[in-house]
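This report walks through a structure, strand by strand and helix by helix. Keep the sequence and the 3D view open while reading.

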Amino acid sequence: MEATREIYWNVGHGVVLPMYGFFFLAALVFLYGFYRRLPAYRRGKALNRLDRLRERIPLLLKNLFLQVRVLRVFGPGSLHAFFFWGFGLLFIGTLLIMAQVDFTQPLFGLVFLKGAFYELFSLVLDVSGLVAIVMLGGLLVRRFFVRPKGLETIRDDYLSHTLLFAILVTGFVVEGLRMAATEISANPGLARFSPIGLLVGRLFAGMSDAGLFLAHRVLWWVHFFLAMGFIAAIPYTKLRHIFLTSTNYLFSDLAPKGTISTINIEDDSSGSFGAAAVSELTWKDIFDADACTTCKRCQERCPAFATGKPLSPMKVVKQIGEVAFTKPQAGLIETVGQDALWACTTCRACQEICPANIEHVTKILEMRRNLSLMEGAFPGDEVRIASENIEVNGNPFGLAFAARGDWAEGLAVNVMERNSEADILYFPGCYASFDKRNREIARSFVQICNAAGVKAGILGKEEKCCGEPVRKLGNEYLYQTTAAANIEAIKRYGVRKIVTTCPHCFNTLRGDYRDLGLTIDVEHAATFIKGLIDQGRLRLKPGSFEFTYHDSCYLGRYRDIIDEPRAVLKAAGGRLREMEKSKYESFCCGGGGGRVLAEEKLGTRINEERTRMAQATGAPLLVSNCPFCLTMFEDGIKTGGSEGKLKALDLTEIIAARIGGRD
Amino acid sequence: MKILVCIKQVPDMESKFKVNAKGVWYEETDLAFRMNEYDEYAVEQAVQLKEQLGGGPEVTVLSIGPDRVLEPVKKALAMGCDRAVHLKDDDSSGKDPWQIASAIAGFSRDKNFDLIFTGMQSQDRGSAQVGAIVSELLGCACVTTVVHFAFNDGIVTAKRELEGGLKCIVRFRLPAVVTCQLGLNKPRYPTLPNIMKAKKKEIVSQAAAGFAATEALSGTGEFYVPAKKGRGIILEGDVNEMADRLIGILKEKTTVVR
């Protein structure tokens, strides 16, 4: 006997009409549910996220079907992914049945669910169902019994768990009842291909045929209505993420990471800058809120949240959604709170991990822009003073701009104004130019260049703050003013390549300045030095040392420069002891997002938290690649009680000390 | 009501100062300039008063000097002043307070300003005379070193800071000259729309010479960096040791610890 089964067994083909009737009803409820959400999205500004479909569609397929972003957190990610695959296969199985019984068979007499294919079909669906139940069980235990900190459980979670569990269980019971009546004794060879159905069917071994038939018919309808209920419930509950989160992959931001829209400051036609209302955000910002599943991965990684500050990226996203859907006239900044907005270090840990592809940082930046450009607000008076110092002297310390190049005294480096002959323009930035501790970075870098035969030039007093800290605090006007001065100076000397030792300058010159007309090649010292070593131009005298490495946010997460600095440090003889939070999961030093200019008054200190993590590795040396990080760590070591146990150094200092030919 | 705010552009005090060739003032190269701090309080107070009176008063900002002084003038406009007057004088740093004050008074004489705000002194010359001389020349009241200002029904109640931590309250009618001291207010940071609006505001440029007294009443004899006498002590090392050494120094050299 060929392996197959009678579709609509026991319920009869008469169910087709009412079944499709109810299905269309469910579909209507489903469509209306999503349709109802459209006006809220429309409250945002226009933004084209359907260009470059050739790049977008693979992103959608990869992240949806392979669950790539979901799987970045292994435990719960795997539970979700396997559930998704299991449930997805069951859905496909149902579609195949529908395709055969209601289309190919009546129209073309084509039956494909038979023979070996049917056996495979049965087996795959049974295993899928089992996997889905087990994964759902895992998720249930996690959510309701383990209760991870920060995971909020709402009505939707109870509903989804109940619905999904009931659908899967009734599915197996219906199968078991059918098999008990038609397969287990009549065709045991085929029954083997439905192992779970077989197990369930055996439970009904003693039941009368009439009992089996009745129970099957009742449960068939129960299963059906549960499934229809599920479809109808999707847009009204968190289940909507099935569609919205997937669609959000399609709407990905394809610009290089960290790209911020450059405001046309001359255009005040709207009368407003930044976002104080949802109408000043884009539709994508509102859509993001709807795509959020409150999985709290962002919140868990947020350095501000972890140190007791009133910021949770998840909450910010949700608050935007709440305003957009329930009180669109409400003030965004009042809803989120200034303290929360100023607490962000723009470290991007939230965005990097988000399985729903939500863009947290730009939302916060837009609100900061409103605070800064429309209110003249700062996180504190010290930041106001630092900003005014940048206006007057081009550096946040308020030191004389004319002293900017003083760090290079006695070093072989050309000041472009006097001699513009140089292989590279070295852009040390404010900290390496003025801060006593950080000047070691600039001096080390020049020594490295000298040893490798690279002629480095500097702008000296013509250089100004790159504008990054104030830009991240929302002060686009000051950023564009200082950027324009830098760009003019750089262009004046026909520079071909710029190297920075500061990841903030690096990202700004390389990325942000493009919108303002600077397109010269910009590189960070870490990769530049790696290049010199690889080309054999820089020879090191390796000396064994043990260290832990801190990935600065703007080199690691923002620019994917993870391996190069490690390779350089290993070439210098270093043995790396990784911190638990490293690479893409690195924990911010606390200095990003302009916070380096601000006092940290709320919660505990981020830099102390990070230096404690470094100390926990047992390595005596904390190496970073950023003057902001170094500043934060020097402070964190002092105030966090790691003095004498941990030393903070910049990568350039390590390399400069091991230049070949020196002791 | 018509309000005048007199502001001066001064070098940032963190600049690298060099004595100029004549030896009577500083060299201007490598200096970063900004609005005199006390004049920022003056601008803020004028704008606050304008706001208090529902935008009625017209606030004119005035500055004397070369073209570079237009920078702080633009900032004052962005902070909320309505119009600006630039009394052009490429040698304003060579003028004594009497000449500067007579230029301001000369300009103001027929303009009927009800209130003139200015800083209590400049951060560079620090003579603290200009406001007082202007009031004398215009024959109106002068209230200096003001740290609190309230205007009600045509009467100003101002708090002045005196030496030795003393304060005094002064009441006066307009017209008057008010010189502003640190603590009077917190100058606002200009918003972007206001910076943009300021670009369209009127700036009238006139030669200062037409208003100024020709003769200086005082002149700078010499301008120099004083010879270093003492020097700071930086303690380094163990915290406890540093504390002991600090107490030692305080006992030995001061009367703080007895």
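## Sheets, cores and contacts

In chain A, five strands form an open sheet of 5 strands in the order E1-E3-E2-E4-E5, with parallel pairing. Strand E1 (414-415) and strand E5 (521-524) of chain A are at the edges with a single partner strand each, so one side of each has no neighbour in the sheet. Helices (H or I, at least four residues) and strands (E, at least two) are DSSP runs, numbered from the N terminus. Two strands pair if DSSP finds at least two bridges between them.

This is a predicted model: local features need pLDDT of at least 70, side-chain atom pairs count only at pLDDT 80 or more, and totals for chains, interfaces and linings use all residues. Residues are numbered from 1 along each chain as its sequence is written, while chains are lettered from A and ligands numbered from 1 in the order in which they are written.

Helix H24 (residues 503-510) of chain A packs on the sheet and touches E2, strand E4 (497-500) and E5 of chain A. The direction of H24 makes about 165 degrees with that of E5(A). Such angles run from 0 to 180 degrees between N-to-C directions, on axes fitted to C-alpha atoms, for helices over the stretch in contact.

| Strand pair | Bridges | Opposite residues |
|---|---|---|
| E2(A) and E3(A) | 2 bridges | Ile424(A) and Ala456(A) |
| E8(A) and E9(A) | 4 bridges | Ser624(A) and Asp650(A) |
| E1(B) and E4(B) | 6 bridges | Leu4(B) and Thr60(B) |

From E8(A), the chain crosses through helix H28 (residues 627-639) of chain A to E9(A), a right-handed β-α-β crossover. Right-handed means that, with the strands pointing away from the viewer, the path from the first strand over the helix to the second runs clockwise.

In chain B, 5 of the 6 residues of strand E1 (residues 2-7) are buried, so E1(B) is largely enclosed by the rest of the structure. A residue is buried if 20 or more other C-beta atoms lie within 10 Å of its own, exposed if 12 or fewer, and partly exposed in between; C-beta atoms are placed from the backbone.

Helix H4 (residues 130-138) of chain B has buried residues too, among them Val130(B), Ile133(B) and Leu138(B). The buried residues of H4(B) pack against helix H3 (97-108), strand E6 (115-119), strand E7 (141-152) and strand E10 (176-180) of chain B. Gly139(B) follows H4(B) and has a positive phi, near 70 degrees.

The largest nonpolar core has 140 residues. A nonpolar core is a set of buried Ala, Val, Leu, Ile, Met, Phe, Trp, Tyr and Cys residues joined through C-beta atoms within 7 Å. Leu341(A) is one of the members that touch the most others. Beyond four places in sequence, the contacts of Leu341(A) include Ile333(A), Ile364(A) and Leu371(A). Contact means C-beta atoms, placed from the backbone, within 7 Å. A second, separate core has 55 residues, including Leu49(B) and Met120(B).

How many residues of chain A are in contact with chain B? There are 18, and they meet 15 residues of chain B. Helix H18 (360-375) and helix H19 (381-393) of chain A each give two or more residues to this side.

Note on methods
Two residues are in contact if their C-beta atoms, placed from the backbone, lie within 7 Å.
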